Structures are given as C-alpha cells and as structure tokens.
Amino acid sequence: MTIWGTSPDALPYPIADQTVRVTVRATIGARRLRVRLSNAFGTAPLTVGSAYLGRRSAGAALVPGTNKALTFGGSTAITIPPGAEVISDPVPLLIGPGDDLAISVYTPGRFEQVTGHLRPKDFSFLSPPGDAGADESGAAFPTPVEHWFWVDAVIGEGEPSAGTIVALGDSITDSGSLPRGGYQGWCDFLAERIAATLPPPRRPAILNAGISGNRLITERPGAGVTAQARLDRDVLSHAGVRTVIVLEGINDIYGSTATAADLIAAHRQIAYRAAARGLRVIAGTVLPSHRGAYTEQRERIRTELNAYLRSGTDHDGVIDFDAALRDPEDPTSLLREYDSGDHTHPSPAGYRAMADAVDLRLLR
C-alpha cells in the first residue's frame, strides 16, 4: 500500500544533468519499499539514469548502510514517457511510522519544466552535475530546494495495515507553507494520532493529496488541475487506497463564480467516482474564512455546501472541521487561537484540532 504520497504538478524549475534527493516521512511501517516516479507533467521523455532509496538521518545525509539502489524490472535505468509513471522493484528496508526517507534520482539531460510538488512538507537537495545518488554523507547535495521532484509515492510491503487514506484538498490539507520539515499540518497530526492509538493491523497510512490554491471546478495557475481532473491520478491510482477524505471548495467560493449547486455537483461526482472503485468517501466541511474577499453571498454558498456535506447524502461519513475550528461568537471566522493570522489557514493548534476532530472509526 502507499505509505507516503503527494500530488504532482508542473514546475518551471530547470534541472540539468543533476541528482535530486527528495526527503519524505513514512506514515506507517514496512519491511520492503517501492518508489513511484512521475513524468505526469513532462513535455519530453524522462530518462532516469539511477535511483536510490535510504533512511534519512538529517539534512541530505542518510543513515549509513541504508542506501539501496532501485531497479525497474531489474534495470537500474528507465525512460518514462510524458504523462506516465513507473514503479520500482521492491527493496528490503525496515522502517517504522514517522521514519524519514530520502529518494535520490539522477536524470541526465536538461529539463526546463519538471514534474513535482511546489510547496512540500520537506526539502529536496540538489547536486552539482553528475550522478550522486550513492552518496550517504549528504556532502554531494549542497543545495536545499523548497520543492519535491519526480517522486510522488512510496509503497510499503510486508507489514499488516488497514490500507491507505488519501486526503484530497487544497492548501489547508497541503499545509506546505509551514516551515519545511515542520510536519504540523492536520494530516501529520492525524498520522501521529493513528500511530499512537491504533495497533499495526488496524493502522492506516495517510497520503496527503493537497495542492495549495486547488479548486474543484476551474483551474488556477500554479494550483494544479482541478480536484475532479486529478482524482484518478492522485487518489484512485495509488496502491491500497480504501478511503478518501475530500476537503475542497474554499478557493472556488473566493476565487470564482461557482454557485453552491456547482460545488455540490462537483463533490457528488467525486463521491460517485470514488465509490465506483470501492472506496469509502468522507466529506470534510469547509472552514470559515472571514477575510477581505468575504461577502454575505459567499458565506451563504459555504453554508449551503456544508449543509449538503453534513447531510451524508452521497458520502459514507463527515468530519465537521467547520464546527471544530469556528469561533462560537462569530461562526464566519476561525477561533482566534486556531487562526494562523491570515483568517483562512489554521495555526498549528488549529491543525491539531482538525486532526482531533476525526473520528477514527470512520477510517476503519
């Protein structure tokens, strides 16, 4: 099953005959690992000259002796067509929940646009020209970069679990604007809560499929394709997915002409398509956002959308994030201690309250 994942997008970041080391955090344990590499937004074939996977210690450095060469059908190199993904052969590597991993990918040639994630939880590290993937010290990766490249999933095998939960959302789910390496979003706190509460056979993995600025209906430059358009790739294609939590709509309300009926129809289609693939679909209510663009009409749209989501008409359950974070004295606003300061995104305390609002029975 997928024990870590992210949502890719097109990044106008040039990489020329270099190795990138992408650092990520596993949400549950495994004994064998596979890595999925994506050229979903590439404009040309992507040749991977080599790839490695190891346990990260700090920065770009690895735990000595853990760096494993990845193969693809037995070969250390592979070419990924534009729009495609590849999955590596498994490598033995014992990890636990919360362990940090580093995936190093060497790509000969020059790429002006790459597939990656704009605002990730952690850093990538970039080498000078050449294949540096075998280096465990981190000395070959002097340049930290605030993006992830090529890697969009880590698949774990060999440990019992309750499958994978995908959180499909916008920046409130992505929470990548927090300090890199901080891991203070609601998905991170939920993963910690699951690891501390549930035994391994009942412990699901969490895949964060949030993209900052993402919308349900209309695309926004730099914010990924719409949630409806990326559902197949970012949710349904991943190994072991059993449940999807959908938290989307605030960017449509504040950045487009979408009506409540439009947003309800989009949520309904996501629920139908996920259910058709056998997934349980959990709705998350949209948080209040009393900010400069606030109007009574937009608040009515949010209220109507949330009423539909709470109804359970098309979903297997609901997480009432709105009720958990709103100010009882002003339900159109976040509670002050849960407000990051921009009146839209939660503070770390707010993200923890979101994680605590999840009834773990919904995830089993």
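How many of the seven residues of E17 are buried? I began with this strand and found that six of the seven are buried, so E17 is largely enclosed by the rest of the structure. I took buried to mean under 20% relative accessible area, exposed over 50%, and partly exposed in between, with a 1.4 Å probe and protein chains only. Strands (E, at least two residues) and helices (H or I, at least four) are DSSP runs, numbered from the N terminus.

**Basis of the entries**

I note that this is a predicted model, in which local features need pLDDT of at least 70 and side-chain atom pairs count only at pLDDT 80 or more, while totals for chains, interfaces and linings use all residues. Residues are numbered from 1 along each chain as its sequence is written, and side-chain values use heavy atoms, with hydrogens and water left out.

**Entry: partners of E17**

I looked up the strand pairs of E17, counting two strands as paired if DSSP finds at least two bridges between them. E1 pairs with E17 in the antiparallel sense over three bridges. Strand E4 (residues 30-38) also runs antiparallel to E17, and six bridges join the two. I then followed Ala 153 of E17: Gly 5 has Ala 153 as its bridge partner, and Arg 36 stands opposite Ala 153.

I searched the whole structure for aromatic pairs and recorded five. Rings of Phe, Tyr and Trp (its six-membered ring) pair if their centres lie within 6.5 Å; planes under 30 degrees apart count as stacked, over 60 as edge-to-face and the rest as tilted.

Phe 111 belongs to strand E12 (residues 100-111) and Trp 150 to the loop between strand E16 (148-149) and strand E17 (151-157), so the pair ties together parts that are 39 residues apart in sequence. Both Phe 111 and Trp 150 are buried; for Trp 150 the relative accessibility is 2%.

For Phe 123 and Phe 125 I found ring centres 6.2 Å apart and planes at 40°, so this pair is tilted. Phe 123 counts as partly exposed, at 23% relative accessibility, whereas Phe 125 is buried, with a relative accessible area of 10%.

**Entry: backbone angles**

Most residues other than glycine have a negative phi. Asp 17 lies in strand E3 (residues 15-25) and is partly exposed, with a relative accessible area of 28%.

**Entry: charges over rings**

I next looked for charges over rings, where NZ of Lys or CZ of Arg is within 6 Å of the ring centre and within 35 degrees of the ring normal. Arg 25 lies over the face of Tyr 183, at 3.8 Å from the ring centre. Arg 352 lies over the face of Phe 189, at 3.9 Å from the ring centre.

**Entry: pockets and cavities**

On a 1 Å grid over the protein atoms alone, a cavity is a set of points where a 1.4 Å probe fits but cannot get out, and a pocket is an open set with protein on both sides within 12 Å along at least five of seven lines; lining residues have an atom within 4 Å of a point. Grid points are joined across faces, edges and corners, and a volume is the space filled by probe spheres set on the points.

Which residues are the closest to the centre of the largest pocket? The largest pocket has a volume of about 350 Å³. Of its 22 lining residues, Arg 25, Thr 27, Tyr 183, Asp 188 and Ala 191 are the closest to the centre. Strand E1 (2-5), helix H2 (186-197) and strand E19 (205-210) each supply at least two lining residues, and H2 gives the most, with five.

The second largest pocket has a volume of about 210 Å³. I counted 18 lining residues there, with Ser 171, Ser 212, Gly 213, Arg 220 and Asn 251 nearest the centre.

I recorded two cavities of 30 Å³ or more. The largest cavity has a volume of about 60 Å³, and its lining includes Ser 7, His 117 and Ser 212.
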